[in-house]
Amino acid sequence: MSGNHKLLAYLPFIVLAAAALVAIYHISVFW
Amino acid sequence: MREAPLRRQGGAVALAPAADTSQARSARRSSPLREFTLQQAPFILAALALGFVTAYLQHGFVPGADRPYPLAGVRVPVWHVIWMGVWTGYTMALVGQAAGILALPYTTSVLQFSNAHVTPSTLLLTFLNPIGALLGFRRTGQWNLHFAGWLCAGGVLGGLIGPFLRARLLADVDVFRLLLGLALAFVSVQLADKALRGFAAGEKAPGSGIGAPRIVTLARERARITIGYRGGQWTLHQGVLFALGATVGVISSSLGLGGAFLIVPFLVVVYKVPMYVVPAATIPYAVALSATGLLTYCLLLPLLGTAPLPPEWAWGFFAAAGGIFGSWVAAKTQLYVPEPLLNAMLGTATAAVAVLYVTNFFFPLPFRV
């Protein structure tokens, strides 16, 4: 598996982690 | 979402004498950047532009972090609404679900847009997101109106009824969340099942790539229709499809979902229709149902004496712009993703939210959900 493909395999989990961080930021600022 | 693999299968049928030239042309044609620029970017830019235009037309300004969305009653930066479309569209497309099933609880719980306007606003997302895939499936032959027609007709009927349910029986946010929680629980079971058995990841289209990869109508006798695809064939009762479309349509349009989360398991379990054929019905169904639901929320409700429930148009367009991009990235990268693990994670997350919503209905929780 090439480096790019490894990154693509991790991408969904990176995206979910980013989504969780953004959600926490939103809750802390706008709630 | 399944457009790319099916295209590759179709491309494998190229005639040998022109193989070099056609492969070179095919490589140029299938360049992701070129495909994105020509096929996806126009939709995304149009959705973004419509977001800003409709914000001015509906409210006279663009709501965001400083000024709340008037109907939603919440302040959310524009980039966050777009981001929500991106990540929900991307992750859910990877596991064969629509963005709405994740976008709706995120919108109601994290973004706190939980009044009745959230439903038509999410319907705008479920209407716009599948259109790119719909056009792609039509080009590649993943399209059969005999198969989708009665289901869509049922969806139209359901889309006429569901909004009245939302405006009356589901007007209370806790009751709405209870029903949403049950829908999420159902989705979490599907995801857990896929994670455990890994059947979707291992499933391939039958045949060796010989013959046109089109979903064809083999027979229509009385109320039964037989469809075929690459050697396989399935017989379905159109009355059942209509009733299924109508029932799912009532539930989905009252929540703000596209309906595939209920249609797919029914077709797969009852009729044994394989996963790679199902989108031929569920994608046009989501478009027909969402369009009818939106029209009902905006026009039919006031005509029949109920207050209209217009969507936050800008919200829906911004989310759809992100969703179109996210779904496209998912289609291009799906082969490299460990799908069972992702199914397990998303299944756990949806199950947790479902438990919170259902519990909160019976035993109010000490924190906001």
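Modeller: Gladly, and let's begin with helix 8 of chain B, residues 173–197. At 1.5 Å a residue, its 25 residues should span 36 Å, and the end C-alpha atoms are 36 Å apart, so expectation and model agree. Keep in mind that this is a predicted model.

Colleague: Which residues of helix 8 of chain B are buried?

Modeller: Among them are Phe176(B), Arg177(B), Leu180(B), Gln190(B), Lys194(B) and Ala195(B).

Colleague: And what makes helix 5 of chain B largely enclosed by the rest of the structure?

Modeller: Helix 5 covers residues 100–110 of chain B, and nine of its 11 residues are buried, so the rest of the structure largely encloses the helix. The buried ones are Gly100(B), Ile101(B), Leu102(B), Ala103(B), Leu104(B), Pro105(B), Thr107(B), Thr108(B) and Val110(B). After helix 5 of chain B comes Gln112(B), with a positive phi near 65 degrees.

Colleague: Why is Phe147(B) called buried?

Modeller: The cut-off is 20 or more other C-beta atoms within 10 Å. Phe147(B) has 27 within that distance, so the residue is buried. Phe147(B) sits in helix 7 of chain B, residues 145–167. Beyond four places in sequence, Phe147(B) is in contact with Ile215(B), Ile225(B), Ile227(B), Ala280(B) and Ala281(B).

Colleague: Why does Gly326(B) count as buried?

Modeller: By the cut-off of 20 or more, Gly326(B) counts as buried because 26 C-beta neighbours lie inside 10 Å. Gly326(B) belongs to helix 13 of chain B, residues 313–333. Leaving out residues up to four places away in sequence, Gly326(B) touches Gly85(B), Val86(B), Trp87(B), Thr88(B), Gly89(B), Tyr90(B) and Ala93(B). Gly326(B) and Leu94(B) are 232 residues apart in sequence, yet their C-alpha atoms are 9.6 Å apart.

Colleague: What share of the contacts in chain B join residues at least 24 apart?

Modeller: Among contacts between residues at least 6 apart in sequence, the share is 79%. Chain B has 14 helices and three strands, and 49% of its 369 residues are buried.

Colleague: What about chain A: how many helices and strands are there?

Modeller: Chain A has one helix and zero strands. The C-alpha trace of chain A spans about 45 × 10 × 5 Å along its principal axes, and 10% of its 31 residues count as buried.

Colleague: How many residues of each chain are in contact with the other?

Modeller: In chain A 13 residues are in contact with 15 residues of chain B. The chain A side has 11 nonpolar, two polar and no charged residues.

Colleague: Where in chain B is confidence lowest, and where highest?

Modeller: The lowest mean, 34, belongs to helix 1, residues 3–11, and the highest, 96, to helix 10, residues 238–255. Over residues 1–21 of chain B the pLDDT is below 50, and this stretch has 29 contacts in the model beyond near neighbours in sequence. Residues 203–211 of chain B also stay under 50, with 14 contacts beyond four places in sequence. The mean pLDDT of chain B is 85, with 88% of its residues at 70 or more.

Colleague: What are the ipTM and pTM scores?

Modeller: The model scores ipTM 0.94 and pTM 0.86.

Notes. Residues are numbered from 1 along each chain as its sequence is written. Chains are lettered from A and ligands numbered from 1 in the order in which they are written. This is a predicted model: local features need pLDDT of at least 70, side-chain atom pairs count only at pLDDT 80 or more; totals for chains, interfaces and linings use all residues. Two residues are in contact if their C-beta atoms, placed from the backbone, lie within 7 Å. Ala, Val, Leu, Ile, Met, Phe, Trp, Tyr, Cys and Pro count as nonpolar, Asp, Glu, Lys and Arg as charged, and the others, Gly among them, as polar. A residue is buried if 20 or more other C-beta atoms lie within 10 Å of its own, exposed if 12 or fewer, and partly exposed in between; C-beta atoms are placed from the backbone. Helices (H or I, at least four residues) and strands (E, at least two) are DSSP runs, numbered from the N terminus. The expected span of a helix is 1.5 Å times one less than its number of residues. pLDDT is the predictor's confidence in each residue, from 0 to 100.
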